[in-house]
Amino acid sequence: MDAETVDLLVIGGGMAGLTAAAQVAAEGGSVVLAEKAERTGGSARFAGFVWTTPTVEEMRRINPDGDPELATALVDGFADGVAWIRSLGVECRPPVPVLGFGRGHQVDTNHYLDSCERLIRDRGQEVLTTTWTRSLVTENGVVKGAECVAPDGSVRRIEAAWTLLATGGFQGDPGLRAEHIHPSAADIGLRANPHSRGDGLTLGSSAGAAFGKKDAGFYGHLMPAGVSLADPARFVDLALYYSEHALLFDTTGERFVDETLGDHLTTMALLERPQARGLLVADARVHREWISASYVEGIPGVDKFQLCHRAGARSAVADSLEDFAAMPEEWGYPGTTIRDRIKEFNAATSKNGATTPGRRLDRQPLDEPPFHVVEAAPAITFTFGGLLIDAGAHTLSANSEGRTPVPGLLAAGADAGGLYRRAYAGGLAPALVFGLAAARTALTESPTALTR
Ligand SMILES: Cc1cc2nc3c(=O)[nH]c(=O)nc-3n(C[C@H](O)[C@H](O)[C@H](O)COP(=O)(O)OP(=O)(O)OC[C@H]3O[C@@H](n4cnc5c(N)ncnc54)[C@H](O)[C@@H]3O)c2cc1C
C-alpha cells in the first residue's frame, strides 16, 4: 500500500457510515468519508430509538426468513453498540419496549451523528460533503477505493484498503423500487432522506456483489393517501401507527391483513392491493386510546386524525355505521360493503369468534361511534433488500463455489441485505452494529487475504 492509501473509505455519512468512520478514527486508523448531501446524517437525523429484539429467539420468531447469522450478530452486538454510543458522551435513555416484541433506548441521534463527525475531524481524518462517488476503483477483482466528484466538479481518486458502501438503501429511486419491491412501489411516498437512491447497490453490483433477499420488502408506514411528504416533520406526525387497532379495507371493501401485527407489515400488504390504497376505520374508543395516544414511551401523543384532516387527507367522521352507505362515490370504495364488514367483524369479536383475516393482538369490536375514516397509502422509509453481507460486513459475490467475499468491499446499514425479509426489528441498530463490524474488519483484516 502506498502512503496515500487510507484504511477505510466510507461512501455515505448516515448512521452506518459515520459509526464506521468514527470507530476507525477512534482506534487511530485513517479514514475518508464521502457524503453526497450538503450535510451528514441521512435518515438517522429523523430517528429516535435504537432498538432491536432482546433475544435471538425473538428475532427468529418475528423474522423467520432473515439470515440467521446476521440476526444473531445484530442481537449479540447490540449491547456493545449502545456502549459505543455512550462512550461518546451521548445519552441512551433507560430501555423501553418497542412494538411489543422489541426493546431499545431513546437516543439523541443528532448529538450522536455530530459527535461521530467531530471525532473523525478531530483525529485529522476527512469528512467530505456534497461529494458524489462516480465509480469504484478495482484491480484484479479487488476493490481499492473510489473516484469521487467534488462540488467544483473535479474528480478525486481516493485509494483505500477497504471501501464501505453506506448510502442508505434505494428507497429514493422509483425505478429500483418497482424492480425490487413491487410495480406499485414506483408511486409510493418517501418518508426518508431524498438522497438514498441506490448508489451503493449500483456501485456494489459493478464489483460483483450479490443482491438479496428476493422479495424482502421494505420498512415503512401507512400515511394519508395523496398528502405531500415534502416536509420531513410529516414523516412522524402523519404516520398512521394506530392502524394496529383499526380496520383497513381495500378498494373492493374487504379486509386483507391482520392489522394488529404491525403497521409496518400492513403497509407492505397494502402495497399489493388494487391501487395500493385503503380506508382506515377507527371508532371513538380507538380514537381515544390510540389515535391521540403515544406510539412509543417517551414520545407525546398527537391527534393524528386531526393532523391528517388538516393536511387535506381524504377523511371523515361518521356518526353511525349507516353513514358509510353515503360515502362519496369519487372515493372509489363500496361504502355499504364496508359497513356490512364492520358489523360482521363486531358481531364475531363481541362473541370472541373468528374473523377473516384473523385478529391476533387486539380483538375488541369497533362499535363506539363516531367513526374516524381516513384514506391511507403505503410510504417507504428504507429497503430490506440490498448487498448481501456476512457478520463482518464483507459484501458477498455469487460464484460457482457459493457466496464468497468481494475483496475490499464492505456494506452496512440499509445498503446491506439479507438481515430482514418482510419483517423489521430496528433500522438504527443494524446500521450501528454492522457499521462497527465494518470498522473492525477494516482495522484487523487485509482485503487481499480474501480470494475469490
Ligand atoms: C422519520 C424516520 C424515523 C425513523 N425512526 C427510527 C427509529 O426510531 N429507530 C430506528 O431504528 N430506525 C428509525 N428510522 C430508520 C433509520 O433512520 C435508518 O434505518 C438508518 O438511518 C439507516 O442508516 P444508514 O446509514 O443505512 O442510512 P442513512 O442514515 O439514511 O444514511 C445514508 C447516507 O448516505 C448518503 N448517500 C446517499 N447516496 C450517496 C452517495 N452516492 N454518496 C455518498 N453519500 C450518499 C445519504 O445522503 C445519507 O446521508 C427512521 C427513519 C425515518 C426516516
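## Ligand shell

Ala, Val, Leu, Ile, Met, Phe, Trp, Tyr, Cys and Pro count here as nonpolar, Asp, Glu, Lys and Arg as charged, and the others, Gly among them, as polar. On that basis, the shell around the ligand in this predicted model comprises 20 nonpolar, 19 polar and 4 charged residues.

In total, 43 residues surround the ligand, and the closest are Gly14, Gly42, Gly168, Gly413 and Gly427. Several elements each supply at least two residues of this shell: the helices H1 (15-26), H7 (234-237) and H12 (428-444), and the strands E3 (49-52), E7 (132-139) and E16 (371-383).

## Domains and their contact

The domain assignment of the protein chain gives domain 1 as 6-215 + 384-449 and domain 2 as 221-379. The C-alpha centres of domain 1 and domain 2 lie 34 Å apart. Their contact draws 16 residues from domain 1 and 17 residues from domain 2.

On the domain 1 side, strand E4 (96-98) and strand E10 (189-190) each supply at least two of the residues that touch domain 2. The residues of that side divide into 9 nonpolar, 4 polar and 3 charged.

## The E3-E5-E4 sheet

Strand E3, which supplies at least two residues of the ligand shell, belongs to an open sheet of 3 strands in the order E3-E5-E4, with antiparallel pairing. E3 and E4 each have a single partner strand, so one side of each is left without a neighbour in the sheet. From one strand to the next, the twist averages 40 degrees.

Within this sheet, 3 bridges connect E4 and strand E5 (residues 102-106) in the antiparallel sense. Val96 stands opposite Gly104 in E5.

Strand E7, another contributor to the ligand shell, is joined by 6 bridges to strand E8 (residues 142-149), and the two run antiparallel. Leu136 has Ala146 in E8 as its bridge partner. The hairpin of E7 and E8 has 2 residues between the strands, and in this hairpin Asn140 takes a positive phi near 50 degrees.

E8 also pairs with strand E9 (residues 155-165), in the antiparallel sense and over 5 bridges. Here the bridge partner of Gly145 is Glu159 in E9. In the hairpin of E8 and E9, 5 residues lie between the strands, and Gly153 takes a positive phi near 90 degrees.

Strand E17 (residues 386-388) and E20 run parallel and are joined by 2 bridges; Leu388 stands opposite Gly417 in E20.

## Packing of helices H3 and H12

Two packed helices are described by the angle between their axes and the distance between the axes. For helix H3 (residues 68-87) and H12, the axes come within 9 Å and cross at roughly 85 degrees. The two helices are therefore roughly perpendicular to each other.

H3 makes this contact through Ala73, Leu74, Gly77, Phe78, Gly81 and Trp84, while H12 contributes Ala429, Pro430, Leu432, Val433, Leu436 and Ala437. The residues of the contact divide into 10 nonpolar and 2 polar, with no charged residue. H12 is also one of the elements that supply at least two residues of the shell around the ligand.

Notes. Residues are numbered from 1 along each chain as its sequence is written. This is a predicted model: local features need pLDDT of at least 70, side-chain atom pairs count only at pLDDT 80 or more; totals for chains, interfaces and linings use all residues. A residue is near a molecule or strand if its C-beta atom, placed from the backbone, lies within 6 Å of it. Helices (H or I, at least four residues) and strands (E, at least two) are DSSP runs, numbered from the N terminus. Two strands pair if DSSP finds at least two bridges between them. Axes are lines fitted to C-alpha atoms, for helices over the stretch in contact, and angles run from 0 to 180 degrees between N-to-C directions. Angles under 35 degrees count as roughly parallel, over 145 as roughly antiparallel, 65 to 115 as roughly perpendicular and the rest as oblique. Two residues are in contact if their C-beta atoms, placed from the backbone, lie within 7 Å. Domain bounds come from an automatic or database domain assignment.
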